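Please walk through this protein chain with me, from overall dimensions down to single residues.

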Amino acid sequence: MLLDAGFDDVTVYEAVPAGAPQGGGLIGLEHSSLDILDHLGVPQDEFVRYDSEAVMHITVCQRRPGQVRRHLYAGRNTTWTLLHTALSRRLPTEVLQTGVRVTGLSAEHDRPLLHFAGGDAAPADLVVFADGRSSIGRRLLDPQRRLHYAGYVAHRGQTNTTQPDLRDFLRFEPSPHRGMQFNVAPIPGGADWTFYLSATPAQYTDFFGAPPTRRVFALPQHVTAAARTEVDASARRYLPDEQAALVHATTTRMAAPVMDIEPPTRMVWPIGGGHAVLLGDALAPVRPHTARGANNGIEQAWGLTAALTQHRKYHADLTAALDGWQRRHLPAAVAAVQLGPALGRQFGLGAA
Ligand SMILES: Cc1cc2nc3c(=O)[nH]c(=O)nc-3n(C[C@H](O)[C@H](O)[C@H](O)COP(=O)(O)OP(=O)(O)OC[C@H]3O[C@@H](n4cnc5c(N)ncnc54)[C@H](O)[C@@H]3O)c2cc1C
């Protein structure tokens, strides 16, 4: 977005080395985000492979699919991997520095100075921390706001066989008992499912080798036999035969603990004569049921680019422009943080 708006001194520091798989799952993008990507010249068919807008809510009673309710989602589904590839392939090689982990931030000669693992440092006028759930930026700028485990896990799986009948996003919810949710949708080459199940912090540690606040994403190599056994048994206990069989046949599994955080009160910090900002999950990771995490990040980044453009092109006061950006985007971030526990309660998931 910054390059597209004419900023020519931009560097992206990405901790993960080039080519390392970062396997991510299904993401629903609302029309606001889809339109931003359109404006950037990223054609929708590059990252939306199944264009169904339908979400089918299926009530499960004693492992049998019952009542089906259909609604249309005001957006389209993509996957983290499709979106990440579509965006990162447009970055000139000199802009994207991979395998560079940010570890600190100081003010030197009145400018923000980023510090990297290994001892190097780089000055900047503006630092944008878009570094995800366990953001170093948030820990440095807003250390009071810590992640709290919500008491349940989004177990995920990706199959590598396509299901010809699967076109829509399917959501299975038990009746009358609550306390689980199962979603499945098509992705290129297969299906992506998410199975929400409760787990104590000790169970999470047993399943994925580290506590939820430390292992905020469990990649395939972290998933133990204990986790597979538990998920397989829950599939047998709750899901209709077809979905249970899908879970049992899935070899590639991942998980994300569902986490909460105090709502943010600010997005911008002065650093020397410059600034640092937080956006996306770095600002506020939200529960997956809100389907707002990626949308918030894209909308905030677009708004930030607009504010910076007013400064660059028309000499708007930078601090005022950044304050205006924060005023426009903070309420949506706070609302999404607060919506998560309310939805969790509705589904009977977690303690909050
Ligand atoms: C099961 C599930 C379902 C979801 N469904 C939806 C949905 O339907 N709709 C939606 O909008 N959102 C959804 N989300 C949320 C969405 O995936 C995230 O909100 C989104 O990926 C966050 O984007 P981000 O760029 O802020 O952070 P990330 O995608 O986490 O990217 C952060 C990047 O920063 C890098 N990084 C981290 N630390 C450092 C460091 N110190 N130095 C340098 N680089 C670093 C990481 O390697 C990573 O590449 C879902 C999430 C889950 C778990």
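Predicted model: local features only at pLDDT ≥ 70, side-chain atom pairs only at ≥ 80, totals over all residues.

Residues are numbered from 1 along each chain as its sequence is written, and side-chain values use heavy atoms, with hydrogens and water left out.

Start with the whole chain. The protein chain holds 9 helices and 17 strands. Both are DSSP runs, numbered from the N terminus: helices are H or I with at least four residues, strands are E with at least two. The C-alpha trace spans about 65 × 40 × 35 Å along its principal axes. For 352 residues, a compact globule would have a radius of gyration near 20 Å; the chain has 21 Å, which agrees. That radius is taken over C-alpha atoms, and the globule rule is 2.2 Å times the number of residues to the power 0.38.

Next come burial and surface. Of the 352 residues, 48% count as buried. Buried means under 20% relative accessible area, exposed means over 50%, and partly exposed is in between (1.4 Å probe, protein chains only). The accessible surface of the chain comes to about 17,100 Å², and 52% of this belongs to carbon and sulfur atoms. These areas come from the Shrake-Rupley method with a 1.4 Å probe; for residues, only the protein chains shown count as cover.

Among contacts between residues at least 6 apart in sequence, 70% join residues at least 24 apart. Contact means heavy atoms within 4.5 Å.

Now look at helix 1, residues 31–39. Its buried residues are Ser33, Leu34, Ile36 and Leu37. Seen down the axis of helix 1, they fall within an arc of 160 degrees, so they line one face of the helix. The arc is that of the directions from the helix axis to the C-beta atoms. These buried residues pack against strand 2 (26–30), helix 2 (44–47), strand 5 (75–79), helix 3 (80–88) and helix 8 (293–314). Gly41 follows helix 1, with a positive phi near 80 degrees.

Which residues of helix 5 are buried? In helix 5 (201–208) they are Tyr204, Phe207 and Phe208. Down the axis of helix 5, its buried residues fall within an arc of 70 degrees, so they line one face of the helix. Their cover includes strand 11 (148–158), helix 6 (225–238) and strand 15 (252–260). Gly209 follows helix 5, and its phi is positive, near 85 degrees.

Val60 lies in strand 3 (54–61). Val60 is buried, with a relative accessible area of 2%. Leaving aside neighbours within four places in sequence, Val60 is in contact with Phe172, Glu173, Pro174, Ser175, Tyr238 and Pro240. Leu34 is 26 residues from Val60 along the chain, and their C-alpha atoms are separated by 33 Å.

Thr194 is in strand 14 (190–198). Thr194 is buried too, at 12% relative accessible area. Not counting residues up to four places away, Thr194 touches Ala154, His155, Arg156, Gln181, Phe182 and Asn183.

Ile187 belongs to strand 13 (180–187). At 7% relative accessibility, Ile187 counts as buried. Beyond residues up to four places away in sequence, Ile187 touches Leu26, Tyr50, Thr79, Gln158 and Asp192. Ile187 and Leu318 are 131 residues apart in sequence and 42 Å apart in space, C-alpha to C-alpha.

Asp110 sits in the loop between strand 7 (102–108) and strand 8 (111–116). Its phi is near 65 degrees, a positive value in a residue other than glycine. Asp110 counts as exposed, at 54% relative accessibility. Ala291 is in the loop between strand 17 (274–278) and helix 8. Phi of Ala291 is positive, near 50 degrees. Ala291 is partly exposed, with a relative accessible area of 31%.
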